[in-house]
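Dear colleague,

Please find below the structure that I am handing over to you.

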Amino acid sequence: MLRTVNRVLLGLLGLALVMLGGSVLAVGLGVEPPSWWVHDSRDDVLLSDADRARWRDDGWWWPTVIGVLAVVVLLALWWLTAQLRRRRLAEVLVETGDGEGALLRGRAMESVLETEAAALDGVERARVRLTGRRNAPEARVGLVLGADAVPAEALHRTCEEALAHARDSAGLGRLPATVLLRAVKHRAERVS
C-alpha cells in the first residue's frame with residue numbers, strides 16, 4: 001500500500017511540476033500564453049504587488065492559507081516518517097562464533113518460518129514478517145487455523161518448534177514474537 005501511495009503522489013507531484021515548469025519555460029521562450037494563464041509575456045512576474053495584496057482585507061484568506069499549508073506540512077511529515085520507518089527486516093546478523101558474523105536475508109528466514117509454521121497440525125496458512133533491528137529481530141506471525149485446530153496447541157507448537165528453531169539456527173539469544181490467530185472460514189457442520 002505504501003509503495004502505491006508513494007508512486008501515485010510522486011507521479012502527480014512530478015507531473016504538476018513538469019507542466020508548470022514547462023509552461024513557464026515556454027512563455028519565457030516566446031510562446032504566446034492563453035488568456036487565462038498567470039503570465040502575460042516574457043517580462044511578467046509570477047505575483048505582482050496587486051496580486052499579493054488583493055486578499056489582505058478579507059478575514060478568511062490568511063486562516064485558510066495557513067490551514068492549508070499546515071495540512072500540507074503534516075502530510076509531508078507523515079510521508080517522510082513512513083519512508084524512514086522500515087516495515088520489514090532486510091537482514092539478520094548471525095553470530096558465527098569467530099567474531100565476524102554473517103548476514104542472513106530476512107525474507108529467507110521469513111520463508112523458512114512460514115513453511116515450518118504452515119506444516120503444523122491444524123494450520124492452514126502462515127504469514128511471517130520480521131521487524132526490529134538486524135541484531136535483535138522480532139517476528140510477527142499470522143496463523144490461519146483450520147476448522148479442527150486447537151488454538152492453544154497451535155500457538156504452543158509455533159512457539160516451541162518453529163520460532164525456537166529459527167532462534168537457535170540464527171544464534172539469537174531471544175526472538176520475541178507476536179502470534180495472531182485467525183480461523184479459516186468454513187461452513188457449519190450439519191448434525192443429524
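Predicted model: local features only at pLDDT ≥ 70, side-chain atom pairs only at ≥ 80, totals over all residues.

Side chains of opposite charge can pair when their charged atoms come close. Asp121 is exposed, with a relative accessible area of 56%, whereas Arg157, at 23% relative accessibility, counts as partly exposed.

Arg157 has a further partner in Glu161, and here the closest N and O atoms are 3.0 Å apart. Both Arg157 and Glu161 lie in helix H5, 4 residues apart, which is about one turn of the helix. Glu161 counts as partly exposed, at 27% relative accessibility.

The search of the whole structure finds 3 salt bridges. One of them joins the side chains of Arg167 and Asp168, at 3.7 Å from N to O. Arg167 is partly exposed at 26% relative accessibility, and Asp168 is exposed, with a relative accessible area of 53%.

**Surface patches**

A positive surface patch is made up of Arg3, Arg7, Arg85, Arg87, Arg105, Arg107, Arg127, Arg129 and Arg140. Helix H1 (2-28) and strand S3 (123-133) are the elements that give two or more residues to this positive patch. Arg127, found in strand S3, is exposed, with a relative accessible area of 57%.

There is also a nonpolar surface patch of about 510 Å², to which Val73, Leu74, Leu77, Leu80 and Leu84 contribute. Leu84 is found in helix H3 (residues 61-84) and is exposed, its relative accessible area being 64%.

**Overall form**

The chain has 5 helices and 5 strands. From the N terminus on, these elements run α-α-α-β-β-α-β-β-α-β. The radius of gyration of the chain is 29 Å, well over the 16 Å that the globule rule gives for 192 residues, so the chain is more spread out than a compact globule. Along the principal axes, the C-alpha atoms fill a box of roughly 80 × 65 × 35 Å. Buried residues account for 20% of the 192 residues in the chain.

Yours sincerely

Terms used:
Residues numbered from 1 in each chain as written. Heavy atoms only, no water. Patch = residues over 30% accessible without salt bridge, like charges linked within 9 Å, V, L, I, M, F, W, Y side chains within 5 Å. Areas by Shrake-Rupley, 256 points an atom, 1.4 Å probe, with all protein chains shown as cover. Salt bridge = Lys/Arg side-chain N within 4 Å of Asp/Glu carboxyl O. Lys, Arg positive; Asp, Glu negative; His and termini not counted. Charge placed at Lys NZ, Arg CZ, Asp CG, Glu CD. Buried < 20%, exposed > 50% of the residue type's maximum accessible area, 1.4 Å probe, protein only. Rg over C-alpha atoms; globule rule 2.2 N^0.38 Å.
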